[in-house]
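Here is a short briefing on one protein model. Please keep the sequence and the structure in view while reading.

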Amino acid sequence: MSDSSWGAPPPVGPAGYWGPTEGGPVQGAAPAGPAYDAPEAQHTRPMPIVPDEPAYGGDQDGDRGAARLSGPLFQDEFRPRPPQARTAQAENQNPEPMPDAHQPAPAPQKKSAGRDLSAAIGVGAGLGVVIIASLFIEKSVFVGVVAVAVVVGLWELTSRLRERKQIKAPLVPLAVGGAAMVVAGYVRGAEGAWVAMALTALAALVWRMTESPEGYLKDVTAGVFAAFYVPFLATFVAMMLTAQDGPWRVMTFLLLTVVSDTGAYAVGWRFGKHKLAPRISPGKTREGLLGAVLFAMVAGALCMQFLISHGTWWQGLLLGLAVAASATLGDLGESMIKRDLGIKDMGTLLPGHGGIMDRLDSLLPTAPVVWLLMVVFVGSA
């Protein structure tokens with residue numbers, strides 16, 4: 001096409017439409033002039049045929065590629081979709097709550113003990129049978145039971161220190177020295193217990209020298225702490241056993257500690273509202289402490305009156321009060337250790353209880369308290 005064709009009208013077809021003809025230009029026809037010069041020229045152009053648009057939907061598979069407008073041809077053809085046109089699927093995806101619908105109130109939550117009580121009771125009963133049988137059948141057997149509990153407790157404590165704090169307290173000298181400490185307390189009394197304690201600490205210092213100097217101070221410090229915390233405190237149980245009524249003294253010690261813990265749990269679970277030490281043990285309450293004191297004092301009066309030779313009920317009241325205080329402090333002390341380590345239990349050996357150390361937490365600090373008060377009240381013979 002030449003430049004002169006720009007702006008020139010196309011030839012007129014046979015049907016009077018603008019556009020090319022099938023056979024080319026008509027021969028002999030005069031060129032058409034402007035539309036407004038032709039007397040019979042149409043005043044409007046015919047509108048293109050637009051295919052019908054499906055209502056509220058996109059192109060169907062058969063209509064792909066067909067020409068259609070992207071919206072309504074005229075503005076007044078637009079009509080918003082009425083609410084009745086919503087589909088069931090849209091209603092299911094966006095359900096509208098009824099304003100007057102009654103919402104059921106949430107069911108009140110019951111207090112939970114936090115442990116498997118059936119397993120805890122079963123394991124506790126089994127341990128009680130073993131302890132009582134060994135206590136009254138043969139004293140030396142009970143001393144062996146205490147030594148085994150000490151070794152297991154040391155293993156749990158040193159394992160948690162290694163796992164959580166990377167503190168490598170030497171277990172071998174602690175276990176051997178701890179068992180020897182219990183036996184020495186039973187055979188030689190307090191003097192034997194102190195000598196065994198000193199030798200165990202020295203053995204821990206020497207044993208740790210075989211490894212790298214890095215962390216030596218914290219490792220041996222933890223070792224000495226473990227030796228004092230577990231086996232040395234346990235020697236007072238063995239020393240209680242040396243008296244003529246030793247089995248009954250040990251039984252009183254165990255009963256008062258268990259009764260104190262039970263009273264604290266029962267009263268605190270039912271009536272506890274005021275926290276005792278929320279930063280250390282959020283589950284303990286002041287009401288629970290009062291329950292521990294009440295239960296332990298009643299049990300102490302009964303035990304001193306009927307189980308201990310030359311004991312009186314008022315001595316039992318004081319003994320129960322002291323046991324409730326020492327057992328609570330011992331429980332809080334181990335809770336402090338476990339919080340520092342970031343653990344809930346020291347072990348998993350006893351279902352429903354945790355580990356051995358989780359049962360010794362209140363017994364260990366209570367043992368020297370009971371031994372001392374027994375010596376003051378009725379003597380050491």
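**Aromatic pairs, loops and a buried aspartate**

Tryptophan 314 has 43% relative accessibility, so this residue counts as partly exposed (buried is under 20% relative accessible area, exposed over 50%, partly exposed in between; 1.4 Å probe, protein chains only). The model is predicted: local features need pLDDT of at least 70, side-chain atom pairs count only at pLDDT 80 or more, and totals for chains, interfaces and linings use all residues. Residues are numbered from 1 along each chain as its sequence is written, and side-chain values use heavy atoms, with hydrogens and water left out.

**Aromatic rings**

- The count comes to seven aromatic pairs (rings of Phe, Tyr and Trp, its six-membered ring, with centres within 6.5 Å; planes under 30 degrees apart are stacked, over 60 edge-to-face, the rest tilted).
- Phenylalanine 228 and phenylalanine 232 are stacked, because their ring centres are 5.4 Å apart and their planes lie at 25°.
- These two phenylalanines are four residues apart in helix 5 (residues 216-241), so about one helical turn separates them. Helices are DSSP runs of H or I, at least four residues, numbered from the N terminus.
- Phenylalanine 228 is partly exposed at 37%, whereas phenylalanine 232 is buried at 3%.
- Tryptophan 314 and phenylalanine 377 pair edge-to-face, 6.1 Å centre to centre with 70° between the planes.
- That pair links distant parts of the chain: tryptophan 314 is in helix 8 and phenylalanine 377 in helix 10 (residues 363-378), 63 residues apart.
- Ring pairs join Trp194, Phe228, Phe232, Phe236 and Trp371 into a cluster.
- The charged end of arginine 270 sits over the ring of phenylalanine 271, 5.1 Å from its centre (the rule: NZ of Lys or CZ of Arg within 6 Å of the ring centre and within 35 degrees of the ring normal).

**Aspartate 358**

- Aspartate 358 belongs to helix 9 (residues 356-360). Its relative accessibility is 3%, so it counts as buried.
- A polar atom of the aspartate 358 side chain lies 2.9 Å from the backbone nitrogen of methionine 346.
- Leaving aside residues up to four places away in sequence, aspartate 358 touches Glu334, Lys338, Asp345, Met346, Gly347 and His353 (heavy atoms within 4.5 Å).

**Positive phi in loops**

- Most residues other than glycine have a negative phi.
- Glutamine 166 is not a glycine, yet has a positive phi of about 55°. Its loop runs between helix 3 (139-165) and helix 4 (171-208).
- Histidine 310 also has a positive phi, near 65°. This histidine 310 lies in the loop between helix 7 (286-306) and helix 8 (313-341), and is exposed at 74%.

Notes. A polar contact is a pair of N or O atoms within 3.5 Å; within protein, one must be able to donate a hydrogen and the other to accept it, and residues adjacent in sequence count only if both atoms are side-chain atoms.
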